[in-house]
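Visitor: I would like to learn how to read a structure feature by feature. Could you take me through one, giving the general idea before the particular case?

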Amino acid sequence: MANDSSPSTQTTPSGDYTSHLQAGNALVAQAQTVAVSDFAKARSLWQDAGKQFYLAHKADRDEPDAAFKLAQAWMAEAHALQKEGSPNAAIMWGNAAAQAELAFDLTPENARIAMAIASCHHWAGDEESAQAWAQIAQHLKAPHQGDPGGGHSDADGDSDGGDGAGD
């Protein structure tokens, strides 16, 4: 590998990951502030946030937070398309479901992500997948009624209280 002079992304993703994640979070906060008065501006901010979450996810593919926040950005875009009556809304809901499934792969104990996936499939028009994911979410949540993220039990049966991707 004599020609490979680029630094390994495995050794330095945290700075890029963190800066892109923070930038995305800031854009989401701005979008939420203006959404009531200027939906077009909010939509643009959500799209920009999605780009930042994509870059954060690209910087560290093992980090579920950016993976799920990217899915959430796509959910916001799908909702905006749906609100406009666009026929592309169902496609975007499907894309959001696929991205959320990637986040779930990183935190397979997270009932909240499973339920988000169910919702995306529902809005995409795939009721069979929506029902399957809702069942997964219920299964994960059942033993942990007080834990909205699902969590999982450790060896002595106590819930770890983890919510995986978080908000």
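**Reading a helical protein**

Guide: We can begin with burial, and here 38% of the 167 residues of the protein count as buried. Please keep in mind throughout that this is a predicted model.

Visitor: How many helices and strands does the protein have, and what pattern do they follow along the sequence?

Guide: The protein has six helices and zero strands, so that its pattern, read along the sequence, is α-α-α-α-α-α. As for how the chain comes together, among the contacts between residues at least 6 apart in sequence, 54% join residues at least 24 apart.

Visitor: How does one look for a pocket, and what volume does the largest pocket have?

Guide: The general idea is that rolling a probe the size of a water molecule over the atoms shows where empty space is left. In this structure the largest pocket has a volume of about 180 Å³. It is lined by 10 residues, of which Val28, Gln32, Phe53, Gln72 and Ala73 are the closest to its centre.

Visitor: Which elements give two or more residues to that lining, and what classes of residue does the lining have?

Guide: The elements are α1 (13-34), α2 (39-59) and α3 (64-83), and α3 gives the most, with four residues. By class, the lining of the largest pocket has five nonpolar, three polar and two charged residues.

Visitor: How should I read aromatic pairs, and how many does a search of the whole structure find?

Guide: One reads the distance between ring centres together with the angle between the planes, where an angle over 60 degrees counts as edge-to-face. The search finds three aromatic pairs. One of them is formed by phenylalanine 104 and tryptophan 133, which lie 5.1 Å apart centre to centre with 85 degrees between the planes, and this pair is therefore edge-to-face. The pair links distant parts of the chain, with phenylalanine 104 in helix α4 (residues 89-106) and tryptophan 133 in helix α6 (residues 127-141), 29 residues apart. Both phenylalanine 104 and tryptophan 133 are buried.

Visitor: Which residue lies over the face of phenylalanine 39?

Guide: That residue is lysine 83, at 4.3 Å from the ring centre of phenylalanine 39.

Note on methods:
Residues are numbered from 1 along each chain as its sequence is written. This is a predicted model: local features need pLDDT of at least 70, side-chain atom pairs count only at pLDDT 80 or more; totals for chains, interfaces and linings use all residues. Side-chain values use heavy atoms; hydrogens and water are left out. On a 1 Å grid over the protein atoms alone, a cavity is a set of points where a 1.4 Å probe fits but cannot get out, and a pocket is an open set with protein on both sides within 12 Å along at least five of seven lines; lining residues have an atom within 4 Å of a point. Grid points are joined across faces, edges and corners, and a volume is the space filled by probe spheres set on the points. Ala, Val, Leu, Ile, Met, Phe, Trp, Tyr, Cys and Pro count as nonpolar, Asp, Glu, Lys and Arg as charged, and the others, Gly among them, as polar. Rings of Phe, Tyr and Trp (its six-membered ring) pair if their centres lie within 6.5 Å; planes under 30 degrees apart count as stacked, over 60 as edge-to-face and the rest as tilted. Buried means under 20% relative accessible area, exposed over 50%, partly exposed in between (1.4 Å probe, protein chains only). A charge sits over a ring if NZ of Lys or CZ of Arg is within 6 Å of the ring centre and within 35 degrees of the ring normal. Contact means heavy atoms within 4.5 Å.
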